[in-house]
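I opened my notebook and wanted a plain look at this chain, from its surface down to single residues. Here is what I looked up, entry by entry.

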Amino acid sequence: MENVIIIGTGCAGYTAAIYTARANLTPLLLSGSQPGGQLTTTTDVENFPGFPEGIMGPDLMMKMQAQAEKFGARIEYSQVEKVEKTPEGHFDLTMADGKVLQSRTVIVATGASPRHLGLPNEKSLIGRGLTSCATCDGAFYRNVPVAVIGGGDSAAEEANFLTRFASTVYLIHRREELRASKIMADRVLANPKVKPIWNSTVSEYLTDEKGEMRAVTLKNLVTGEENELELKCVFVAIGHVPNTQFLNGSVTTDENGYIVQTEGTRTNIPGLFAAGDVADHVYRQAITAAGQGCAAALEAERYLAH
């Protein structure tokens, strides 16, 4: 019987592990399908406190893992298929290989996966001119053209933010008007550096000899015409999918699938806590995920003490 099992090894999971390990709870981390989380797919991280020169995303995750292991956290590279609370009050976690683990508390820190277009070379371009976070990566694209794909509030907000750095921000949307709220739509369309491209989608990512983004092929959904648009980065802003499938609907979520937190990082199930992007659809930053990992660890410790 474990005291704490942490599902997910991103910023939230590793921070929760550091805190619970220092509390002598000997936490067990389950890595899932992407050990280290989304930051392992990024290059330079310049907005995480403590690294004035910046740090590579994978390096930051390795340092967090080493810190957690230093205090006694254990990591198992396996995937959870199901979590159930038993009548006795503990949790049974069924792994993909059929093994069942037991724990008094569970911290879900599985994050959210950005929606992409599903184009052939998409995965290889993540961190090389394809991203889902303007706040994280916008400053790397100063004085060059970039594009934002999407038409909601997130896309409008990201496009406005990127005008601080990029020479031109193309806003590519499938329809002829934005889905964003009127105030957000008016604001982004009034920005002289934003160039909307209506009724269009990206049908192909084009790379240079180094494998970096150099252009996209645009397809007009009304005429069927295709043309090439030169740019250095594409910011995909068509939403995220929280990684909660393994919970099988047992935990209360909102209309978009994000876990609903009450009183900090608690959920509707006593003893089960949620931290990071799996519950946070507002900030989605490494540092806010780490903060929630800390909070979930402290709350799990208090739950066990009582």
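**Whole chain.** I began with the surface: the accessible area of the chain is about 14,800 Å², and 48% of this belongs to carbon and sulfur atoms. Such areas come from the Shrake-Rupley method with a 1.4 Å probe, and for residues only the protein chains shown count as cover. I noted that this is a predicted model, where local features need pLDDT of at least 70, side-chain atom pairs count only at pLDDT 80 or more, and totals for chains, interfaces and linings use all residues. Residues are numbered from 1 along each chain as its sequence is written, and side-chain values use heavy atoms, with hydrogens and water left out.

Next I checked the overall size. The C-alpha atoms fill a box of roughly 60 × 40 × 35 Å along the principal axes.

I then looked at what is hidden. Of the 306 residues, 51% count as buried (buried is under 20% relative accessible area, exposed over 50%, partly exposed in between, with a 1.4 Å probe and protein chains only). For contacts (heavy atoms within 4.5 Å), I took those with a separation of 6 or more: 58% of them join residues 24 or more positions apart.

**Helices.** How many helices and strands are in the chain? I found seven helices and 19 strands; both are DSSP runs numbered from the N terminus, with helices being H or I of at least four residues and strands E of at least two.

I picked α1 (residues 11–22) and α7 (residues 286–305), whose axes come within 7 Å and cross at roughly 35 degrees. The axes are lines fitted to C-alpha atoms, for helices over the stretch in contact, and angles run from 0 to 180 degrees between N-to-C directions. On the α1 side I listed residues including Cys11, Ala12 and Tyr19, and on the α7 side residues including Ala286, Gly293 and Leu298. The residues of this contact divide into ten nonpolar, three polar and no charged.

**Phe161.** This residue lies in helix α5 (residues 153–162). Leaving out residues up to four places away in sequence, I saw Phe161 touch Ala134 and Thr135.

**Thr86.** I found Thr86 in the loop between β6 (80–85) and β7 (91–95). Thr86 is buried, because its relative accessible area is 13%.

**Two asparagines.** Most residues other than glycine have a negative phi. Asn143, though, has a positive phi near 60 degrees. Asn143 sits in the loop between α4 (134–137) and β11 (145–149), and its 64% relative accessible area makes it exposed. Asn248 also has a positive phi, about 50 degrees. I placed Asn248 in the loop between β18 (240–242) and β19 (272–274), and at 53% it counts as exposed.

**Pro145.** Is Pro145 buried, exposed or partly exposed? Its relative accessible area is 24%, so I wrote down partly exposed. Pro145 is in strand β11. Pro145 and Leu231 are 86 residues apart in sequence, yet their C-alpha atoms are 4.8 Å apart. Among the residues Pro145 touches are Ser167, Tyr170 and Lys232, not counting those up to four places away in sequence.

Definitions and conventions. Ala, Val, Leu, Ile, Met, Phe, Trp, Tyr, Cys and Pro count as nonpolar, Asp, Glu, Lys and Arg as charged, and the others, Gly among them, as polar.
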